[in-house]
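Please examine the sequence and the structure shown below. The briefing that follows is arranged by topic.

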Amino acid sequence: MMKCWVRLGDGGELELPTAVSWKFCYGTDTPCDSFFLRCLWERGQERALGAACRFYAQWEGERVFTGVVDEYAVICGKDGLYLELSGRGMAALLLDNESMPAEYQRATRADIVADHVAPYEVETVGGGGLPAVAGFTVTSGESEWSVVRRYACYYGGVVPRFDRMGRLVLDPPEDGEEVCVKDCDPVTGWEYREERHGVLSQVAVRRRTSWGTQWVSDPAFQAQGGQARKIITVPNTTGSAAMRYSADYQLRAARRERVRMRIAAAGAFLAWPGQLVSVELRGCGANGRYRAAQSEVSCGSGGVSTTLVLGEVDAMI
């Protein structure tokens, strides 16, 4: 049973009528999580949700979405009177707000959260292992999300994401409970895809005017005939460790979507982004362990279904 409600601008809450159809999309990075809801409505309450700013959903008593209300419409037609409500996850607050230009002599996790996350009443968890970054600069026109992502992903190797409670998570995915997809599960279809375009076999990071170049390669991709090189120029003050990390980051980011396995199955909320998924389907040559990158859960005339998009275990999900 799906239960949904909204929070109004004055702090009050309004529970929504029973939903007749809904869709929740989850992932990491951009585009951010999103939702769509259709439910029956009562005549005369067309303006009742004008102050709705937050959205919450529970499935069988467990929170499955926390987000921002973007749009609602009350529609009267041949199917009767109903409400349509849509919006995005809490990352929308960081995407929609432009950051103030700044130059940090030494940017820490506490600095980034205090200046670019906390002002929007977003709770942050994790990130204790993120490094302090010397000379971190926020440019004009950059969104708050871009600042957080660049700091966590580029310098810490962590793709920031939001959980179902609407909290910003700055830790890598935890390898906890693993989901197993077998022939006995109600799988309705699957697709396996590999993409070579955009994948890098080698990255070189060189200082602008002085000698010193760091080379990092992907031996596995090179063994498969991969041949795509990228050269990055950095300031002379960049240390050797930072140069190598920049190269490693470029290789990992380029492999992010190389492997994609898409599985559609009946049922709700089969796996969450970042969770390990083991595929064991008879006759499938792409069986193995993956990490969930995206999840789409919907309910309509055909019942409840989940579509999972899986990637490599060590990819930047």
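**Briefing on the predicted model**

Glu-121 lies in the loop that links helix H2 (109–116) to strand E9 (124–125); helices (H or I, at least four residues) and strands (E, at least two) are DSSP runs, numbered from the N terminus. This is a predicted model, in which local features need pLDDT of at least 70 and side-chain atom pairs count only at pLDDT 80 or more, while totals for chains, interfaces and linings use all residues. Residues are numbered from 1 along each chain as its sequence is written, and side-chain values use heavy atoms, with hydrogens and water left out.

**Overall architecture**

- The protein has five helices and 21 strands.
- Its C-alpha atoms fill a box of roughly 75 × 55 × 30 Å along the principal axes.
- Of the 317 residues, 44% count as buried, where buried means under 20% relative accessible area, exposed over 50%, and partly exposed in between (1.4 Å probe, protein chains only).
- Among contacts (heavy atoms within 4.5 Å) with a separation of 6 or more, 66% involve residues 24 or more positions apart.

**Loop residues**

- Most residues other than glycine have a negative phi.
- Glu-121 has a positive phi near 60 degrees, and this residue is exposed because its relative accessible area is 68%.
- Glu-60, in the loop between strand E5 (52–59) and strand E6, has a positive phi of about 55 degrees although it is not a glycine.
- Glu-60 counts as exposed because its relative accessible area is 62%.
- Glu-174 occupies the loop between strand E12 (168–169) and strand E13 (179–182), and its 68% relative accessibility is why it counts as exposed.
- The C-alpha atoms of Glu-174 and Leu-276 are separated by 8.8 Å, although these residues are 102 residues apart along the chain.

**Strand pairing**

- Strand E14 (residues 187–194) pairs with strand E18 (residues 259–266) in the antiparallel sense over seven bridges; two strands pair if DSSP finds at least two bridges between them.
- In this pairing, Gly-189 stands opposite Ala-264 in E18.
- E18 is also joined to strand E21 (residues 303–311) by six bridges, and these two strands run antiparallel.
- Ile-263 stands opposite Leu-308 in E21.

**The largest pocket**

- The largest pocket holds about 690 Å³ of space. On a 1 Å grid over the protein atoms alone, a pocket is an open set of points where a 1.4 Å probe fits, with protein on both sides within 12 Å along at least five of seven lines; lining residues have an atom within 4 Å of a point. Grid points are joined across faces, edges and corners, and the volume is the space filled by probe spheres set on the points.
- Its lining comprises 30 residues, and Arg-161, Asp-163, Arg-164, Trp-272 and Pro-273 lie nearest the centre.
- Strand E6 (62–77) and strand E11 (161–162) are the elements that give two or more residues to this lining, with E6 providing the largest share, three residues.
- The lining has 15 nonpolar, seven polar and eight charged residues. Ala, Val, Leu, Ile, Met, Phe, Trp, Tyr, Cys and Pro count as nonpolar, Asp, Glu, Lys and Arg as charged, and the others, Gly among them, as polar.

**Thr-66**

- Thr-66 is found in strand E6 and counts as buried because its relative accessibility is 8%.
- The side chains of Thr-66 and Arg-63 are joined by a polar contact of 2.7 Å. A polar contact is a pair of N or O atoms within 3.5 Å; within protein, one must be able to donate a hydrogen and the other to accept it, and residues adjacent in sequence count only if both atoms are side-chain atoms.
- A polar atom of the Thr-66 side chain lies 2.8 Å from the backbone oxygen of Arg-164.
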